[in-house]
Amino acid sequence: MNNLEINFCKNKMNNPFVLASGVVWNSIPKLIECAKNNAGAVTTKTIMNEFRPGHPNPTIARWEAGLINAVGLPSKGFNNMEDEWTELNELKKIKPKVPLIASIGATKASDFKTVAEFVAGKNPDMIEINISCPNVSSSGKLFATNPGLSSLIVEEVKSVAGKIPVIPKLTPATSDLIEVAKACEEAGADAICAINTMPGMLIDIVKKKPVLSFKRGGVSGTSIRPVAVRCIYDLYENIKIPILGMGGVMNGKDAIELMMAGATTIGLGTAVIQQGTNVFKKISEETNELIEKNGYGSLKNLIGAAHE
Ligand SMILES: Cc1cc2nc3c(=O)[nH]c(=O)nc-3n(C[C@H](O)[C@H](O)[C@H](O)COP(=O)(O)O)c2cc1C
């Protein structure tokens, strides 16, 4: 059997497969289950600056090529989550260690720093900044469509994160992806996470109404994989920091495709919802088999291989 161990942002991971933010909702027991079932690292749901109830149901729908969701970033608010941090202590008992990525978000650019400072005090292994969420001060435009704002948020989070690596998470819904990524890199980001969901909508033709209560949502799963591959490929050519790639990875073949585009580690979101928490073991085995069958040698040889 091949070795899938990999170093990412000063963290040693048992394999490159990361539980993506939000897909086990706010359930810490489910997150721990992923860690026990061979996840290489686990990400919390985005911890917001304030209490948010989230949108009413239906918030998520399945369709032929993936999912669409508008959960609405429900959160108790960063300073009201003591029970969750206590539950997360369970992670420390798992051997070998499964690093914890805390995902943070805010509705105003000036609030990211406050959330980051509080969360850094809990000492996660990495901090992911969800800058693909809407900016209420700018009529809901996503922060990560604006290079200046993205750079400011990364700088402010870095100023309070100490030694904890900081990873901004980008949206594919911009023609300025590279400018945003370069601005984040210059502001001190330790890696880039790409991609978040793609804006979309589904309509129920019997009810003559959008399927989701919020009408518009984020598309994830198989349908966005080519979008993720393109974004990661372009990022790899333009930045030097490593990439946590995600978007539509369902099996070992998909994972290798994102790595060949330039990802060092791979997030699994929709795959966990559709295939359960055993998916980490399954994809690790498939990746190992493909490495052997195709004579790739080692996992490291795959990163950016499509650029040679
Ligand atoms: C139900 C659901 C909830 C999500 N919640 C979050 C979240 O809280 N924060 C975040 O950064 N991304 C969130 N995402 C986006 C995923 O982390 C991931 O970037 C996206 O789904 C693409 O990967 P996938 O195709 O493997 O699902 C969510 C996705 C889904 C499907």
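These legends go with a set of close-up views of the structure above. The model is predicted, so to speak of a local feature we ask for pLDDT of at least 70, side-chain atom pairs count only at pLDDT 80 or more, and totals for chains, interfaces and linings use all residues. Numbering starts from 1 along each chain, following the sequence as written.

View A. Eight strands close up into a barrel in the order 3-4-7-8-11-12-17-18, with parallel pairing. Helices (H or I, at least four residues) and strands (E, at least two) are DSSP runs counted from the N terminus, and two strands pair if DSSP finds at least two bridges between them. From one strand to the next, the twist averages 25°. One of the pairings is that of strand 11 (residues 166-170) with strand 12 (residues 192-194), parallel and held over two bridges. Look for Lys169, whose bridge partner in strand 12 is Cys193.

View B. Helix 3 (residues 112-120) lies across strand 7 (100-104) and strand 8 (126-130). Its direction is at about 155° to strand 7. Angles here run from 0 to 180 degrees between N-to-C directions, and axes are lines fitted to C-alpha atoms, for helices over the stretch in contact.

View C. Four strands make up an open sheet in the order 5-6-16-13, with antiparallel pairing. Strand 5 (60-63) and strand 13 sit at the edges, each pairing on one side only. The twist here averages 35° from one strand to the next. Strand 6 and strand 16 (residues 216-220) run antiparallel and are joined by three bridges. Within strand 16, Ser220 is the bridge partner of Leu67.

**View D. Around the ligand.** There are 28 residues around the ligand, and Ala20, Gly22, Ser220, Gly269 and Thr270 come nearest. To be near, a residue needs its C-beta atom, placed from the backbone, within 6 Å of the molecule or strand in question. Strand 6 (66-69), strand 18 (265-268) and helix 8 (270-275) each give at least two residues to this shell. By type, the shell has 11 nonpolar, 15 polar and two charged residues. The nonpolar class is Ala, Val, Leu, Ile, Met, Phe, Trp, Tyr, Cys and Pro, the charged one is Asp, Glu, Lys and Arg, and the others, Gly among them, are polar.

**View E. Helix 4 against helix 5.** Helix 4 (residues 147-161) and helix 5 (residues 177-186) pack at an angle of about 25°, with axes 8 Å apart. That is why the two helices, helix 4 and helix 5, count as roughly parallel; the cut-offs are under 35 degrees for roughly parallel, over 145 for roughly antiparallel, 65 to 115 for roughly perpendicular, and oblique for the rest. Pro147, Gly148, Ser150, Ser151 and Val154 of helix 4 meet Glu179, Val180, Ala183, Cys184 and Glu186 of helix 5. Contact means that the C-beta atoms of two residues, placed from the backbone, lie within 7 Å. The residues of this contact divide into five nonpolar, three polar and two charged.

**View F. Helix 6 against helix 7.** Helix 6 (residues 225-238) packs on helix 7 (residues 252-261) at an angle of about 25°, and their axes are 8 Å apart. So helix 6 is roughly parallel to helix 7. Arg225, Ala228, Val229, Ile232, Tyr233 and Tyr236 from helix 6 make the contact with Asp254, Glu257, Leu258 and Ala261 from helix 7. Sorted by type, that gives seven nonpolar, no polar and three charged residues.

**View G. Helix 7 against helix 9.** The axes of helix 7 and helix 9 (residues 279-293) come within 8 Å and cross at roughly 70°. Helix 7 and helix 9 are therefore roughly perpendicular. Gly252, Lys253, Ala255 and Ile256 of helix 7 touch Ile283, Glu286, Thr287, Glu289 and Leu290 of helix 9. Four nonpolar, two polar and three charged residues make up this contact.

View H. Most peptide bonds are trans, and most residues other than glycine have a negative phi. Lys95 and Pro96 are joined by a cis peptide bond, with omega about -5°, and Pro96 is in the loop between helix 2 (82-88) and strand 7. The bond from Ala194 to Ile195 is also cis, with omega near 20°; Ile195 belongs to the loop between strand 12 and strand 13 (198-201). Cys9, though not a glycine, has a positive phi of about 50°, and sits in the loop between strand 1 (6-8) and strand 2 (11-13).
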